[in-house]
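Good morning, colleagues. Please keep the structure in view as I speak.

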Amino acid sequence: MAKKLCGTNYPVSICFIVVNEFCERFSYYGMKAVLTLYFLTYLRWDKDLSTAVYHAFSSLCYFTPILGALIADSWLGKYKTIIYLSIVYVIGHVVKSVGAIPTVGSSDVHIALSVVGLILIAFGTGGIKPCVAAFGGDQFDEEHGSERQKFFSIFYMSINAGSLLSTVITPILRSDVQCFGGDCYALAFGVPAALMIVALVVFTVGSGMYKMSPPQGNILLEVCNCIGFAIKNRWKRSKYDSQKKHWLDWAEEKYSKRLIQEIKMVLRVLVLYIPLPMFWALFDQQGSRWTLQSTRMNMAFGDFFTIEPDQMQMLNALLILLFVPIFDLIIYPLIGLCKINVTPLRKMAVGMIFAALAFGAATLVEIDVVKSVVDPAPAGKCLLQVFNLAEGDVSLMIPSSDLFKEPIPNLRDPAQYETLPASGEDLQFQVTFNGKTSECNHTFLQREAYSLILYPDAAGIQCNVVSDYIKKNDNGKPLLRFLNTQPEAINITIGEVSFYLPSDYSMSPNETVNRGEYLVSCSSPSGKCSKLNLGLLDFGASYTFILMEASGQIVAHRMEDVKANSVHIAWQIPQYVLLTIGEVMFSITGLEFSYSQAPANMKSVLQAGWLLTVAFGNVIVLIVAEGAGLEQWKEFLLFAGLLLGVCIIFSIMANFYTYVDPDQLDKTRMEYSGREEDDDDEDHVKKKSNDVNLNKRGKSTRL
């Protein structure tokens, strides 16, 4: 007899299962939270490829549960399936973490390890997904149904707790802990790997207390075989016998009428699943496109704290915990008091509308976000800004151009980049200072950005052209560089980042630093450089600091090459609120509706169908990200429009759906079961040789 918790009807074994699930969900969501930025900043993939691979991984995670269910029900049983696939899971995490160590091989090695690790993780997490909850339910005796129901509530709370904590903690580990000279992705992936090892150890420790059921065959496989047989039989015999009312009736030769009737009930629900992937196409972009949007926003909440771009995903887990009781206890009862007939399918349609509105809000935010982004130059053009270091106004004339009509003041921070022709040949321009004109020749390449530095010497004005990096930093942090105008070398240290600047108008490369106010140390042979006040280096900006002498000391004059992120990340909250409302009305209602409209022994078939809608939703994002090539705000608007269109189709389909009373389902099932028993008795009297077929029809199935 199974041990009980403190005199209750709860088996001790469920403690190991709940802890295992918490650790596994922490492991999965913690790794996934930083995945997009890992692709972008560590593997150096572009945003579209990063998004595509992210959703390819997510899609695989929702295809593999079907494989896990088949292995558990037809071969190994749930316990061994969880153990073996958890080992695969752990190996995937370890491989993924090793791939995030910069000293391990080349970039190709990192990519290979990352891809292999993600594939193993997808098979691990997907394979155990359908097993753990069901295995927990198996620990209860049939007479303890209420305790089992409470267990599932605790079980799903552990999922949300693991998700919430991991999406807060792992981005902090990535960003705040620096290792190998940058963000510590090895640690951010290593901690989830450690949690998965803990999950496996905890689950194994409880092995002596588990109630284990042997494999009983998989109902999903039986359903697929029945459907396949019906289609094959109809194709062969429809020319000679066309008296069947339904195409599934062609399977009656081999399968029981009860099973065929139950499959008909399930197919009525599965047809409604066809439009559903579009909702998940929007929903799962929280970890990809919305995270990328966060990197181009201001993430500081005053002087109190800053948030990492990949931490915003925790809002969904937090809001789910808030909204589920609010909807169940307040909103739905109020709607009922108003005598508004809100059916489950109508709730799902409204959930789609809220998700579309969330992407409408994301579109509006994106339009504002891109205002601080420097658009790259088109083909045949380049971008140019001018720094005037002469002690007075300078006039610049470029042949066949009306740019720079007004004189350029000393140390003026250019308001924007100007666009000029770039043929790849020398471009000659004239610079006039104090009535004296100098000529400069430089080659400009198309689609590049440059800074033209004008500085005085004994012969007049000299010109120096340097290449600029105009893209915002992928992780949202500021970039800066220094221009040394002094006749001596200067060393500057900002945290763990060091700059060495040779003398005479040398420019350092761009480096990434954390957002904040900076008073930094510097040194020079003459001792004129000791401290530099850089002021606030803000999110998303790129700065050029010009080192000049003033009152016997070297000071830093700031130029802002790329504007700081002007839209606060709090403007993402409305889209998260709208999307989470959509999830509550769509996802939770959808599962409840599905389970109420099909026989109890077909729940696993509906669960498989539901997971496949998530998988195909991620495939849609993968296709759009790689194939559409749209500006981000247009892509958001496209998804919103597509979901609204799908919502209309779904609403029409729902209008023709006839709801089934769950009690009537069980009654119908009993009737078919009773008829088959009578038929079996009659067949046994008539002909004993039918025993084989009867055994096939009476095959047991798993709930």
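Predicted model: local features only at pLDDT ≥ 70, side-chain atom pairs only at ≥ 80, totals over all residues.

Setting aside the neighbours within four places in sequence, Ser-59 is in contact with Ala-615, Asn-618 and Val-619. Ser-59 itself lies in helix α3, which spans residues 47–76. Is Ser-59 buried or exposed? Its relative accessibility is 4%, and Ser-59 therefore counts as buried, the cut-off being under 20%.

I turn now to the helix that runs over residues 603–627, namely α15. Helix α8, residues 219–237, packs against α15 at an angle of about 85°, and the two axes are 8 Å apart. Angles of 65 to 115 degrees count as roughly perpendicular, so α8 is roughly perpendicular to α15. Which residues make this contact? On the α8 side they are Ile-219, Leu-220 and Val-223, and these meet Ser-604, Val-605 and Ala-608 in α15. Sorted by class, the contact of α8 with α15 has five nonpolar residues, one polar residue and no charged ones.

The helix α15 also meets helix α16, which covers residues 632–655. Here the axes come within 12 Å and cross at roughly 145°. The crossing of α15 past α16 is right-handed. From α15, the contact draws on Ile-620, Val-621, Val-624 and Ala-625, while α16 supplies Glu-635, Leu-638 and Phe-639. The classes in the contact of α15 with α16 are six nonpolar, no polar and one charged.

Next, a helix pair from another part of the chain. Helix α1, residues 13–33, and helix α7, residues 185–205, have axes that come within 8 Å and cross at roughly 160°. Why is this pair described as roughly antiparallel? Angles over 145 degrees count as roughly antiparallel, and α1 is therefore roughly antiparallel to α7. The crossing of α1 past α7 is left-handed. The list of contact residues includes Phe-16, Ile-17, Cys-23 and Glu-24 from α1, and Phe-189, Pro-192, Leu-195 and Met-196 from α7. By class, the contact of α1 with α7 divides into 17 nonpolar, three polar and one charged.

That brings me to the cysteines. How many disulfides does the structure hold? It holds three. With the bonded cysteines of the protein chain numbered in sequence order, the pairing reads 1-2, 3-4, 5-6.

Two further cysteines deserve mention here. Cys-61 takes part in no disulfide, and the nearest cysteine sulfur, belonging to Cys-131, is 15 Å away. Cys-61 has a relative accessible area of 1% and is buried. Cys-131 is likewise in no disulfide, the nearest cysteine sulfur being that of Cys-61, 15 Å away. A disulfide requires sulfur atoms within 2.5 Å. Cys-131 is buried, its relative accessible area being 1%.

Let me take the bonded pairs in turn. Cys-179 is joined to Cys-184, with an S to S distance of 2.0 Å. Because the torsion about the S-S bond of Cys-179 and Cys-184 is about 105°, this disulfide is right-handed. Both Cys-179 and Cys-184 are buried.

Another disulfide connects Cys-440 with Cys-463, S to S 1.8 Å. Cys-440 has a relative accessible area of 7% and is buried. For Cys-463, the relative accessibility is 13%, and Cys-463 also counts as buried.

The remaining pair is Cys-522 and Cys-529, whose sulfur atoms are 1.8 Å apart in a disulfide. What is the handedness of the link of Cys-522 and Cys-529? With -110° about the S-S bond, the link is left-handed. Cys-522 is buried at a relative accessible area of 8%, and Cys-529 is buried at 4%.

Thank you for your attention.

How values were computed: Residues numbered from 1 in each chain as written. Heavy atoms only, no water. Buried < 20%, exposed > 50% of the residue type's maximum accessible area, 1.4 Å probe, protein only. Axes fitted to C-alpha atoms, helices over the stretch in contact; angles between N-to-C directions. Helix = DSSP H or I, 4+ residues; strand = E, 2+ residues; numbered from the N terminus. Parallel < 35°, antiparallel > 145°, perpendicular 65-115°, else oblique. Contact = heavy atoms within 4.5 Å. Nonpolar A, V, L, I, M, F, W, Y, C, P; charged D, E, K, R; others polar. Left-handed = near helix turned anticlockwise from the far one by under 90°.
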